[in-house]
Structures are given as structure tokens and as C-alpha cells.
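Dear colleague,

I am handing over the structure below, together with some notes on its side-chain pairs. Please read the notes with the structure open beside you.

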Amino acid sequence: MTRIIAGSARGARLEVPGSGTRPTSDRVRESLFGGLESLSAIAGARVLDLYAGSGALGLESLSRGAASAEFVERGRPAAAIVRRNAGVVAKAGSLPLGRVHESTVHAFLQRATGPFDLVFTDPPYDLDDVAMTADLVALAPLLSSDAVVVVERARRSTPPDFGAANLEQFREKTYGDTTIWWAEPAAGEDDEPVDQPAAESQSR
């Protein structure tokens, strides 16, 4: 079991799949969501939770004020758990019910419409770099102009190839064996550059 950390459904208990998923620890979630709230990236956001597992990241977002959440999970038992967790959180916080898609991530991205403002992707350790890049490339057209994409992988993993999807990394943080990368759509030619001190180049 894990719990919603904060927001209107704070304390709601979530089931965790017994195998085949890697739940994000409470410590990492607390740090991650503190950073997202400092960017005002959650309130009113349209959230996409890829490789959802228990759905904890998308459900935490709903509890903290996201407008909607879509969950993508290929495994049937895990998808059933996300549906149950979504029901628990919706009831606990009088919140919108998240939509669960039992599908591979790449197949979902090929048919989805978006736009999404906040995306979590926490792929299994055995997802190779080519597949990770293909996910990002398929995701890019579904993002809003000020979207935030959060990728969680093992610390030993190769950093995501954000450039292939025209995304720019702006933050990276390691917690034990887990590293989280943050990215956003790259500035277009018509966007005015923003002067930023060199010491803050990794902070959005």
C-alpha cells in the first residue's frame, strides 16, 4: 500500500501491483510534486501518466488540483488496480475520475489527441533506449506549449534523448537508484529568448 501525500484526497490508500511495476517512493514523490507546485504545473493541468503502475503520480496530481488525468498501463492486473485506485481517490476528494487505458504506451500515443500539460513516464527498467526515444517522439505532438514532461528511470540508464523529440531538459535529480529528468517543449524560432544566469541553467 501507498498513500496520496497531499491535497483533497490526502491519506487515501492506493493498492500497488505485486509485480511487474516499480512504484515511485513517497520520498521521491514528495520532492517531485514540491518542484511541480513551485512551477505552478499542477493546478488545472491535463495529466498523462504513462506506464502508470498503481497510478500514484497521476492520482497525486488530481488530489493537488489537476483538471484531468489519463492513465496508460499495458498489464491487465495493474490496469484493474489503477481503476480501483482512481475510484478511491475520486471518492475521497470529490475529484474527477481518472480514465484508464489498457494499452501499450506507443499504441496509445499513436491514437491520442491531447493536448497534455503534465506527463509522467516511468518505464520498466528493461525498456531500451530506442523504445524510450520512440515514446518521446510520439508524445511531442500531444503536448501543450508550456507542458512539463517528467521521466523516471534507473540511475544507470542512459539519459532520455529529449532532442529527438524537440524537447529541452531543464532539470535532473537523483534519489538513490532513481533519476528523474524534467523537460519542456523546445523554444520555437518565434519565441523570445529568456536571459538566465548560468548558475540557474538547470532550473526552470
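The notes that follow cover confidence, aromatic pairs and salt bridges, in that order.

This is a predicted model, in which local features need a pLDDT of at least 70 and side-chain atom pairs count only at pLDDT 80 or more, whereas totals for chains, interfaces and linings use all residues. Residues are numbered from 1 along each chain as its sequence is written, and side-chain values use heavy atoms, with hydrogens and water left out.

On confidence, the protein chain has a mean pLDDT (the predictor's confidence in each residue, from 0 to 100) of 90, and 90% of its residues reach 70 or more. Over residues 192–204, however, the pLDDT is below 50, and this stretch has 15 contacts in the model beyond near neighbours in sequence, a contact meaning heavy atoms within 4.5 Å. Where pLDDT is low, the predicted coordinates should not be read in detail.

Turning to the rings, a search of the whole structure gives two aromatic pairs. Here rings of Phe, Tyr and Trp (its six-membered ring) pair if their centres lie within 6.5 Å, and planes under 30 degrees apart count as stacked, over 60 as edge-to-face and the rest as tilted. One of the pairs, Phe33 with Phe120, is tilted, at 5.7 Å centre to centre and with 40° between the planes. This pair links distant parts of the chain, since Phe33 lies in helix α1 (residues 26–38) and Phe120 in strand β6 (residues 116–121), 87 residues apart; helices (H or I, at least four residues) and strands (E, at least two) are DSSP runs, numbered from the N terminus. Phe33 is buried at a relative accessible area of 0%, and Phe120 is buried at 1%, where buried means under 20% relative accessible area, exposed over 50% and partly exposed in between (1.4 Å probe, protein chains only).

Phe170 and Trp182 form an edge-to-face pair, 6.0 Å centre to centre with 65° between the planes. Phe170 lies in strand β8 (residues 167–175) and Trp182 in strand β9 (residues 178–185), so the pair ties together parts that are 12 residues apart in sequence. Phe170 is buried at 4% relative accessible area, and Trp182 is also buried, at 4%. Arg171 lies over the face of Trp182, at 4.6 Å from the ring centre (a charge sits over a ring if NZ of Lys or CZ of Arg is within 6 Å of the ring centre and within 35 degrees of the ring normal).

As for charged pairs, the structure holds 11 salt bridges, each a side-chain nitrogen of Lys or Arg within 4 Å of a carboxyl oxygen of Asp or Glu. Among them, Arg29 meets Asp26 at 2.4 Å, N to O, and both residues lie in helix α1, three residues apart, about one turn of the helix. Arg29 is buried at 0% relative accessibility, whereas Asp26 is partly exposed at 39%.

Another salt bridge joins Arg76 and Glu102 at 3.0 Å, N to O, and this pair links distant parts of the chain, with Arg76 in helix α3 (residues 76–93) and Glu102 in the loop between β5 (99–101) and α4 (105–111), 26 residues apart. Arg76 is exposed at 62% relative accessibility, while Glu102 is partly exposed at 34%.

Finally, salt bridges that share partners join Asp26, Arg29, Glu37, Glu60 and Arg64 into one network.
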